[in-house]
Amino acid sequence: MPVSRATAPVIRSGFPRAGSLSGTQKRREFIAALQAVCGDVVRLYVPTLGDGASITESSPTAATITAVAAPTYSPQGSGVLAVLNGTSQYYTMPDAADMSFVSLPFSIFAWISLTANAAVKTILARHDLTTGVTNLEWSFHLDAAEKLVGQCFDDSVGTDVRIGRTFNTALAADTPMLVVMTYDGLAVNAAVRLYVFDGTNAGKVDDTDAGSGAFVAMENKSGLTYIGAREAASGAATEFFNGSIGPVGLVAMHLDVNDIQAIRGIGNAFLQLTV
């Protein structure tokens, strides 16, 4: 019996597209593969084309992410990137003890593509400078010269007491890349390591200390966690990411080189990249 047009299978060439049934399955496989590598995944935001103002992230915690000012979304391979305008769009996650590491190791990874605008661009941070109630723990961001920075803060002894490292070379604009920050738990600048995979750089890149003062440990504070922004002294959001961002993950372990290479391969396959 001939198959009608209504029931005939639709066969498309190429990789599974975001939003399709096969693309949704690829997204599930991507999340499972990351969890297998990272173990204790604290938060994992993997954008979809249907994300609205309230989003459930993809770690076992299934925490709520709030999108502010309606970010837009762009397909990338079988995945999706959130497109942030650099002036008003970002995400927040409510305070939770599992995102406060004190002296314990943690790592952050994110796929980004920046738009250069001579301003600090936050990737992921627990960094609230609200006057009188500062909540400073850690920050992964680009400085105003497009240089990658990873820092941990000791808010018990001042608002600028920190350890960290910088990659003292501007990252290329409009270039998809994987960026990673790791912290091994020691109270020294070298405990923070940065990695970039962008087609030019392919590994550990931090080359400059970014610390200040007598850091002992981070504190367990009560501020929001931000994707794409942080809080200024006024309590308003500031230092917005300008460009595309996501997926982005926070894990309670010090990712080693083998872990990071595995994440790189998983992301390249899912997002159809060659970084």
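These are my notebook entries on a few things I looked up in this structure, which is a predicted model.

**Entry: helix H2**

I started with helix H2, which covers residues 257-271.

Next I looked at the two ends. At the start of H2, a side-chain oxygen of Asp256 comes to within 3.0 Å of the backbone nitrogen of Asn258. Just after the helix, Gln272 has a positive phi of about 55°.

Then I asked which residues of H2 are buried. My list reads Asp259, Ile260, Ile263, Ile266, Gly267, Asn268, Phe270 and Leu271. I will meet Leu271 again below, in the lining of a cavity.

**Entry: cysteines**

How many disulfides are there? The count is zero. I wanted to see why, and looked at Cys38. The closest cysteine sulfur to that of Cys38 belongs to Cys152 and is 17 Å away, which is too far for a bond, since a disulfide needs two sulfurs within 2.5 Å.

**Entry: cavities**

A friendly reminder to myself: rolling a probe the size of a water molecule over the atoms shows where empty space is left. I found two cavities of 30 Å³ or more.

The largest cavity has a volume of about 40 Å³. Its lining is made of Arg43, Leu44, Tyr45, Met93, Leu124, Ile227, Val248, Gly249 and Leu250. I sorted these residues by kind and got seven nonpolar, one polar and one charged. Where do they sit? Strand S1 (41-45) and strand S19 (242-251) each give at least two residues to this lining.

The second largest cavity holds about 30 Å³ of space. Around it I noted Gln76, Leu81, Trp111, Ile112, Ser113, Pro176, Met177, Leu271 and Leu273. Here the sorting gave seven nonpolar, two polar and no charged residues. Which strand gives the most to this lining? It is strand S7 (residues 106-114), with three residues.

**Entry: Thr122**

I picked Thr122, which lies in strand S8 (residues 121-128). Its relative accessibility is 0%, so Thr122 counts as buried. What does its side chain touch? I found a polar contact of 3.1 Å between the side chains of Thr122 and Arg230. The side chain of Thr122 also reaches the backbone oxygen of Glu239, at 2.9 Å.

**Entry: Asp155**

My last stop was Asp155, in the loop between strand S10 (148-153) and strand S11 (162-166). Is Asp155 buried or exposed? Its relative accessible area is 9%, and the cut-off for buried is under 20%, so Asp155 is buried. I also checked Asp155 against Val216, which is 61 residues away along the chain. Their C-alpha atoms are separated by 9.8 Å.

How values were computed
Residues numbered from 1 in each chain as written. Predicted model: local features only at pLDDT ≥ 70, side-chain atom pairs only at ≥ 80, totals over all residues. Heavy atoms only, no water. Helix = DSSP H or I, 4+ residues; strand = E, 2+ residues; numbered from the N terminus. Expected span 1.5 Å × (residues − 1). Buried < 20%, exposed > 50% of the residue type's maximum accessible area, 1.4 Å probe, protein only. Polar contact = N/O pair within 3.5 Å; in protein donor to acceptor, adjacent residues only side chain to side chain. 1 Å grid on protein atoms, 1.4 Å probe; cavity = no way out; pocket = protein on both sides within 12 Å on 5 of 7 lines; lining within 4 Å. Points joined across faces, edges and corners; volume = space filled by probe spheres on them. Nonpolar A, V, L, I, M, F, W, Y, C, P; charged D, E, K, R; others polar.
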